[in-house]
Every structure is written in structure tokens, then in C-alpha cells.
Amino acid sequence: MNLRKNKRVTMRLEPIENPTMLRRLGLPAAVLAATFLVASLLAMIAGANPFSVFGLIIKGAFGSKFAVLETLNRATPLIFTGLAVAVAFRAKFWNIGAEAQLYAGALVTVVLGTGLLPWPAFAILPALFVCAILAGAIVLLVPALLKTRFGVDEVVTTLLFNFIFLLFISMLLEGPLKDPMGMGWPKSARLIPEARLPRIVDGLRLHWGFALALISAGLVWIIQTRSTLGYEMRAVGLNKEAAAFAGIPVNRVLVKTALLSGGLAALAGFSEVAGLKGSLTLDLSPGFGYTGIIVAMLALLNPLGVVVAALFVAGIFVGADSMSRAADVPTYLADIMLASALLMMVLAIMLTRFRVVRG
Amino acid sequence: MDIIEILFTASFWAAAIRIATPLILATMGELICERAGVLNLGIEGIMVVGAFAGWMAVYSGTGLWAGVAVAFIVGMAFGLLHSTLTVPFGLSQHVVGLGVTLLATSATYYAYRLALPEVTSPPKIAAFQPYEIPILSDIPFIGEALFSQTPFTYFAFLLVLAVAVVLYRTPLGLAVRAVGENPSAVAAQGLSVTAIRMGAVIVGSGFMAMGGAFLTMSAFDSFFFEMVNGRGWICIALVVFGSWRPGKALLGAILFAAFDALQIRVQQTEIGAEIPYQIFLMMPYILSILALVVMSRRAEVPAALMVPFNKGER
């Protein structure tokens, strides 16, 4: 291997002072186009016509009233987990454990929502909402404190927590939480009617969880752009040493970020259980926590962008499900599209701020 | 049987070594990457794709070692993707690593569904069989525990030795360690930081894929979804636990695997049957976190780990 640099072509990155509008909008558009190119290749490998595959995906995601409602329902937990990741990543706190926090929120919802609270009907949903947030916040508090107190990297701890927490839920569902009417399935009892999130419009299969997700996105946007905490979170994310030098209590900001992030992810679990499923099973989340990372990155960590990205991602998933039934293409096409979109998007974000030059 | 008694049986340690092997291979891969200054969170997905690629190759008719080579090459391909994005472009190693894991995992599942559309249970291959090394396997206890494994396990132990020798006794190893500690000094020597780091990530990713391949080609003889099941993340903890040193990481992997083998046996005892099995399954993950907490204070982290190097800024 020739490690000497004389004869090789080398490159380096040069910052761009004021990126042009073309650069800032053109690159993400190129990512979108490239994502569909990847999908076309995959469809052709599977022996299908790419255009009919795209047609089926779009029809499956937005082609009918039922399809649109399904997409909105699928987007709801993704907005919450996307916000959780966006908030944390902005402060460079790598919360990869949204999956565990989601289940924490779901767990509290079924434990308290199956008749345990002796409260009047109107108070039950707000209580569940608050307790779910607290549960998610506490679950993420552990890795946050391990980071600030012992310097343990939060990436690995939050990842490992996902496995631990899922086993914990499995243990509860086969033990104390098991529904005696569940015919042997590991499934919790159903929520009482007062603990269910009602539908936004009667007769349409869309629950108030979606509205809560939109409101949360607005609130997170306000926190990030209009509050001291938002400013501090950004400062810590940009440069920890400089933030500490400027008198920002870095560790305290990280812990607050973790509490906010964990609470948001837990709302995904709350809304799935109280709005959609009505009980807790081990397949409540098909990886919503991990997909939240894709959503957040596609949204460039912008809370309002998270809503758009979540709708896009949910549309691809819902569309791919129905496409897979009609054409002979595995539904994992959607996962590959989104993972490659994630990688291309981080590259595109960088290329809006730097240009590649020789030398 | 008493727990202490279990610890003194050769079959227990044989199981521990078997459980340790995929961890040893992938931990060496991650260690090489991190020594060069790059955190590779693609490890989990690269293990999945390696498990599939090696198994699929053998299923399609190649020999066992050719299957291992296929896994290695596929792993290197994902290493090339990871390092291209993280090294010359300096993108976030966290985000790219997770992206590579998601991509490798979903690409594997897609390929699996295309290759075997109508199967309910995946086909089996003729996997590696235990090979008793002449003379050595006759040593009491150690012979049964260590020298009656499959050739893939012997390969893993030789790999640790090779990694240690290359890292500490060759100019190439010095260069790899130097780009992880002080890349500017390496650049000042006229060496290419980019080339060394990319090379380390590519080769390291190949070994991660071999770790996955061990699961389908030696530990079991078939491929299942979710079969890697967080082992990649555990390997990242093992690198920290081993203070970024091959020998210590090897000991960590064996110690860890011994706990894992022990919990499987305790599960089958009378007391163990009373405890929900999920508690036992949680143990590896909890142990990894504890190991991180204990070690992270005194660990000698490579100084330039996760610090991109761009000649533009000095």
C-alpha cells in the first residue's frame, strides 16, 4: 500500500461563506431523486418495473381516504420519536434509545389506564399523558447521568437499554401484566374506555395522538428557537468547551435535553396504546425508535421539518406494505430506501456548507 | 449441579469459548477501526450482512472457507462506504454508523426474501465441525475446552495474535495507532491520514462480517432474522472494556462469554427455573453497561477517536 501522498489525487474541504439557494435546496432535492434511483435498481433486481412499483407505493400511501388515514396514523409515533431524536442530536446527545423510552410510555399507559386510577373520567387521560412523559424521561435519565457523572458514552448505553427494556416488557407481559382473557398470548389487558384517545372526527380512523404530535412539534420549535434552554442546547451541541467557557452549565443542559427527549419518545408509546392499539404487545413498535433517527436527520433536526419527514417516511412504509402485496417485491425495499436517504442526506448537509477542492 | 461445580467442567469452558468467538472476531474489527480514530457503529449491521453472505455463499455451493472470504469481502464493501463518508468527508460517525447498520440490515433482509421467497424455515448448510487438534486436544481439561473447537474458532484466536503483532510490532501498526492519537503528526511525516484510516475501517469491517458469519457457519447452520441480536453493540463495550488492547479485549470477550454460558446453565437448575428467563437474557446487556461504567474512568481512549481530520483546518 502506498501511503505516501506525492502521486495521489488528494482532496480537502473548504468552507463556503454564503451557500447559494440553489445549493441549499438543490442538494436535498438530489437526495430525494437518488433515493428513488436506488429504489428503481432494487425493484429491477427483484424483476419488477420500477415505475409500477413507485405507482403502487404512492397509491398505497395516498391513493384513497383509507390510505391517507393509515399514513397519518403511521406518522404519529414517528413524529414523536423524530422530535425526541432531533432534540437530543441538536445538543449532540446521542439518544439511540427512543425504542426503550417508547415502551416505557406504553407501559405506564397500560399499567395506569386499565382501571388502576380511581379518578373521574376527565382526569385520566391527562394523568396518563403526564406519567408517560415522566416514565420516558426517567428511562433516559439513567444513561444521561452515566454520561455526566462517569463519562460513559451514551450511544452504547442507550442502545443496550433498548434490549434490556424489551426483555423487561416481555417479562411483565408473561407475568403480572398478562391478560387472563388473552388466550395465552403475551398481551396486556385492554385500556378502559376513559383512557382511550378519542378520534378527531367521528367515523374517521385518526385519533387525537396525531394532533398531540403536531402540537408537540410546535412546542419543541418554540423551545428551540425562543427559549434560553434552546439556545443553550444549540451552544452545547456546537462546541461543548466553548459553551462551558461562556458559563453554560453543560451537564445540566445535557440532563434537561435527555429529560425532554425521553419524554417525547414516551409519548409515541402513549399515543400508540391509547390512540390505536388499546393494549400493549411486544410488537407495538416495529422499530419506531430507530426510524425516528432517519426522520430527524431528513428533517435536518428541525422540529417542524420532523412533521414533513415523518409523513414522507410513513408514506413510504405504508405504500411499500401495499406495494409488496400487489407486486412481488419485498417490503424491505422501504427500509433500504430510507437508510440510503439518511446517508445521502448527511452528505448533502455537509456539501451545502463545504466544497470539495483538490490538494 | 452447584454453580461452582459448573465452573470446573471443561464442557462449560468449551461453550464459553464457542460463545466468545463471534465477539472476538467483531471486537478485533471494531478495535482496529477505533485505534485509527474511527468509531464504527455499522458493526451490528455488518455482522448481520456477514452472517447472511457467508451462509448464502455456502448454500449456493462454495466451500466453507470461501464462504468466510465472501463474508469478509462484503464486510469490507460496507467498510468502504462507512469510511468514505466518515474519513474524507468527515461526517458524523454516529449518524453514518447507524445509517450503515440500518442499510446493511435491510439490504440483508431484502436479499434474503429475494433469494428464498417461499420458505417458512431457512435451509441448513453443512457448517464447520469441531476439529480436535492432535496432541493438544489430549491435554486434560484444556484440550477439551480449547483444542476441540471448530477451525473458525482457531482462526479467531490467531487473528487476535496477528492484530496484536501488526499493531505493536510493525510500521503499519504504528501508523494506524498514530492516526488515532495524533493525525497531524502523521500528515507532517508525509503519510496520508485518509488512506490509513480508510484502510483500517475497511479491514476492520471485514472482520466484523466474519464475526457474523461465525453465527451461521459454525455456532448454528442457518440464518435467522434478529440472530445477531445486539452482539455488535456488546463488542463496542468490549473494546472499551479491553482499553483498546487486543489481548485485554480477548480476555474481556471470554469473561463475558463465560457469564453468558453460566446464565444458560443456571437457567436449567431448580432455582433458575423459578426466575423469569428474561432476567437471564438481560444479563449480557446489563454486564456490558456495568463494564463500561467501571472501565470508562481509567480507559486510555485514542486521543483522536471521533475527531475528523481535514487538511484545510490547522
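Over all chains, the structure holds 25 aromatic pairs. Rings of Phe, Tyr and Trp (its six-membered ring) pair if their centres lie within 6.5 Å; planes under 30 degrees apart count as stacked, over 60 as edge-to-face and the rest as tilted. The model is predicted, so local features need pLDDT of at least 70 and side-chain atom pairs count only at pLDDT 80 or more, while totals for chains, interfaces and linings use all residues. Residues are numbered from 1 along each chain as its sequence is written, chains are lettered from A and ligands numbered from 1 in the order in which they are written, and side-chain values use heavy atoms, with hydrogens and water left out.

One pair is formed by B:Tyr112 and B:Phe225. Its geometry is edge-to-face, at 5.2 Å centre to centre and 70 degrees between the planes. The pair links distant parts of the chain, 113 residues apart. B:Tyr112 lies in helix H5 (residues 93-115) of chain B, and B:Phe225 in the loop between helix H10 (193-219) and helix H11 (231-241) of chain B. Helices here are DSSP runs (H or I, at least four residues), numbered from the N terminus. B:Tyr112 has 5% relative accessibility and therefore counts as buried. B:Phe225, at 23%, counts as partly exposed. Buried means under 20% relative accessible area, exposed over 50%, and partly exposed in between (1.4 Å probe, protein chains only). B:Phe225 also pairs with B:Phe223, again edge-to-face, at 6.3 Å centre to centre and 65 degrees between the planes. B:Phe223 is buried, with a relative accessible area of 1%. These residues belong to one aromatic cluster, formed by A:Tyr332, B:Phe52, B:Trp55, B:Tyr59, B:Tyr109, B:Tyr112, B:Phe223 and B:Phe225.

Beyond its neighbours within four places in sequence, A:Leu280 is in contact with A:Tyr103, A:Ala106, A:Leu107, A:Val110, A:Ile169, A:Leu173, A:Lys187 and A:Ser188. Contact means heavy atoms within 4.5 Å.

In chain A, helix H7 (residues 208-226) and helix H10 (residues 250-277) pack at an angle of about 170 degrees, with their axes 10 Å apart. Axes are lines fitted to C-alpha atoms, for helices over the stretch in contact, and angles run from 0 to 180 degrees between N-to-C directions. H7(A) and H10(A) are therefore roughly antiparallel. Angles under 35 degrees count as roughly parallel, over 145 as roughly antiparallel, 65 to 115 as roughly perpendicular and the rest as oblique. A:Gly209, A:Leu212, A:Ser216, A:Val220 and A:Ile223 of H7(A) meet A:Leu260, A:Leu264, A:Leu267, A:Phe270 and A:Ser271 of H10(A). By class, this contact has seven nonpolar, three polar and no charged residues. Ala, Val, Leu, Ile, Met, Phe, Trp, Tyr, Cys and Pro count as nonpolar, Asp, Glu, Lys and Arg as charged, and the others, Gly among them, as polar.

H10 of chain A also holds A:Val273. A:Val273 is buried, with a relative accessible area of 0%. Its C-alpha atom is 8.1 Å from that of A:Leu284, eleven residues apart along the chain.

In chain B, the axes of helix H8 (residues 171-181) and H10(B) come within 10 Å and cross at roughly 105 degrees. H8(B) is therefore roughly perpendicular to H10(B). B:Ala175, B:Val176 and B:Val179 of H8(B) make the contact with B:Val193, B:Ile196, B:Arg197 and B:Ala200 of H10(B). Six of the contact residues are nonpolar, none is polar and one is charged. B:Val186, in helix H9 (residues 183-188) of chain B, is in contact with B:Val179, B:Val193 and B:Ile196, among others. B:Val186 counts as buried, at 5% relative accessibility.

A:Lys92 has a positive phi of about 55 degrees although it is not a glycine. B:Trp244 likewise has a positive phi, of about 65 degrees. A:Lys92 is partly exposed, at 42% relative accessibility, whereas B:Trp244 is buried, at 3%.

Key: Helix = DSSP H or I, 4+ residues; strand = E, 2+ residues; numbered from the N terminus.
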